[in-house]
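Please keep the structure open as you read.

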Amino acid sequence: MSSDQLRRALVRISHEILEQNERPVAIVGLHSRGVELARRISDLITSIEGVETDFGTLDPRLYRDDSDSASFKPVVPSEITFPVDDRAVVLVDDVLYTGRTIRAALDAIRDFGRPSSIQLAVLVDRGHRELPIRADYVGKNVPTARGEDVRVMLEEVDGTDGVTLLRQSEATAYGGGQG
Amino acid sequence: MARTRVATRTPERPHGQSGKPEIETSQATPAAHRKPGAARPNQPPMFGGLSGSRRNVLDLDDFSKEEIEHILQSADGMNEVLSRDVRKTPTLRGKTILTLFFENSTRTRVSFEQAGKVLGADVINVSASASSVSKGESLLNTVRTLEAMKIDVLVMRHPHSGAPYYVASKIDAAVVNAGDGTHAHPTQSLLDLYTMRRHLGDIAGKKVTIIGDLHFSRVARSDVWGLRKMGAEVTVCGPPTLLPYGLRPGTEQADSAAFTGINVVDRVEEALEGADVVMPLRIQRERQESGNLPDLREYSKLYGINADRLALANPGALLMHPGPMNEGIEISSEVAHGAQAVIEEQVSNGVAIRMAVLYMLCARSRGGE
């Protein structure tokens, strides 16, 4: 996925979010790359509609059920400074894989209030769900094998935009992802 | 006075050197950090120096800079959880943390309890005076009995230096040293580092002045380990009788590797010049044999931190104190509650730091066995 394709996917997702929601939504990015994607979507919605969009960040790590694998990264502060009660919240992440991160995020957001609905936007859906979770907005569906790894790179973090699929051997060398 | 029979492998020393054997124990037996039979004994460091196999937190001497950094960063996330309306996460649900305190404590014990409870763990508190220890049960039998009831983390404070190392070598639960004799208090050091970093940014190159009873202070020992690993410049100042061996005039053999590479200054005024952090220590009357300090009023006059002395440090220097304070002795009430004091913030940060430590230990043990 090239940087142009990535940009177009985010523009489409932003339009879809506006189309599906009559009332203003809150955009909440999941650490770490979901945060940057959410920031872009939030900016796009603002530029399309000309209204400010509430933007927050969430680190669902403390809510994971497999936290031993995640404990090597420090816990990051979540920033949700607006009330989430009775409004639509769109969670944004880079890759949807097993669904465990999203399950953790659903628990985490509950500690901030009770949204009227929670929706999910992801840049890449790579399949292999282990939980009954699906995305409402998908940038690209990428069929993968379990041993492979989807690498999302973003300007803000990695210096360049793009999505690449790492084959089994490359993925091992890279260390693997969370999903 | 606390002799260190419990620490084992330490030769008996003549009286009056109580600071000495404990420290050697920690230096000489790093293997005590890991239990015999523990899985993956020689696992290479991974993820930037994080071993991933840390079972215990006994002192900061075996921490890498990256590992300290990791805990300090996680504490930011934990502080955010503490600032929420709902201060509860399910992270350590089903884990049991036991605090076993053989010395009196308010802040440290409550801090660990709060940290465990916010993360969803069950916390059981045992104080030695109310336990079967008072019926004569040995330390080892006490902890083995408690471990038989399924605990994941043992948070332990003991008047004998080295006691947590001994216990860690005998049980499978993770052990966190919440203060052992005059030796170490690692979570206090971590929260001190964290508090400094929040105010000063990078600690490297900052001048930290620690004043008072360094010989008997476990806080100072762990603080110096942590500060040196993070690259701070450490200056100590205190009455010669309360300086550790090696820093004390007329002594050559250092009693701890912790105190190498730091500045020793005689006059408190000189020690405070250009300091970014000023940390007076409590005179621990419970640990002192007679003769170390002739008079508390004299001590206060020569070493007590008051507004005039604090003004010698850098403008905006932080005033820290590990608590509990003896106001009017090592610190004047005026500065203890003044604008430069961050002493209450240290207490708040202590909960976040202990959450980060418990998370690190429990998350690892969940999938590690």
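Which residues are exposed on the other side of α1(A)? They are A:Asp4 and A:Glu19. Please bear in mind that this is a predicted model.

## A helix with one buried face

Helix α1 of chain A covers residues 3-20 and has 18 residues. From its first C-alpha to its last it reaches 26 Å, close to the 26 Å expected at 1.5 Å a residue.

The buried residues of this helix, α1(A), are A:Leu6, A:Leu10, A:Ile13, A:Ser14 and A:Ile17. Looking down the axis of α1(A), you will find its buried residues within an arc of 100°, so they line one face of the helix. An α-helix has 3.6 residues a turn, so residues three or four places apart point the same way. The partners of the buried residues of α1(A) are α2, β3, β4 (117-125), β5 (137-141) and β7 (162-166) of chain A, against which they pack.

## Two domains in chain B

Chain B splits into domain 1, made of 52-185 + 350-368, and domain 2, made of 186-346. Taken over C-alpha atoms, the centres of domain 1 of chain B and domain 2 of chain B are 25 Å apart.

Where the two meet, 26 residues of domain 1 of chain B are in contact with 22 residues of domain 2 of chain B. On the domain 1 side, the elements that give two or more residues are α2 (65-82), β4 (174-180) and α12 (343-368) of chain B. That side of domain 1 of chain B has 13 nonpolar, seven polar and six charged residues.

## Backbone details to look up

Most residues other than glycine have a negative phi, and most peptide bonds are trans. Here are some exceptions to look at.

The peptide bond from A:His31 to A:Ser32 is cis, with omega near 0°. You can find A:Ser32 in the loop between β1 (26-30) and α2 (33-49) of chain A. In chain B, the bond from B:Gly323 to B:Pro324 is cis too, with omega near -10°, and B:Pro324 sits in the loop between β9 (318-319) and α11 (333-336) of chain B.

A:Asp86 belongs to the loop between α3 (67-70) and β3 (88-96) of chain A, and counts as exposed because it has 11 C-beta neighbours inside 10 Å. B:Lys150 has a positive phi of about 70° although it is not a glycine. Its place is the loop between α4 (139-147) and β3 (153-158) of chain B. With 10 other C-beta atoms within 10 Å, B:Lys150 is exposed.

Notes. Residues numbered from 1 in each chain as written. Chains lettered and ligands numbered in written order. Predicted model: local features only at pLDDT ≥ 70, side-chain atom pairs only at ≥ 80, totals over all residues. Domains from an automatic or database assignment. Contact = placed C-beta atoms within 7 Å. Helix = DSSP H or I, 4+ residues; strand = E, 2+ residues; numbered from the N terminus. Nonpolar A, V, L, I, M, F, W, Y, C, P; charged D, E, K, R; others polar. Buried ≥ 20, exposed ≤ 12 C-beta atoms within 10 Å, placed from the backbone. Expected span 1.5 Å × (residues − 1). Arc of directions from axis to C-beta.
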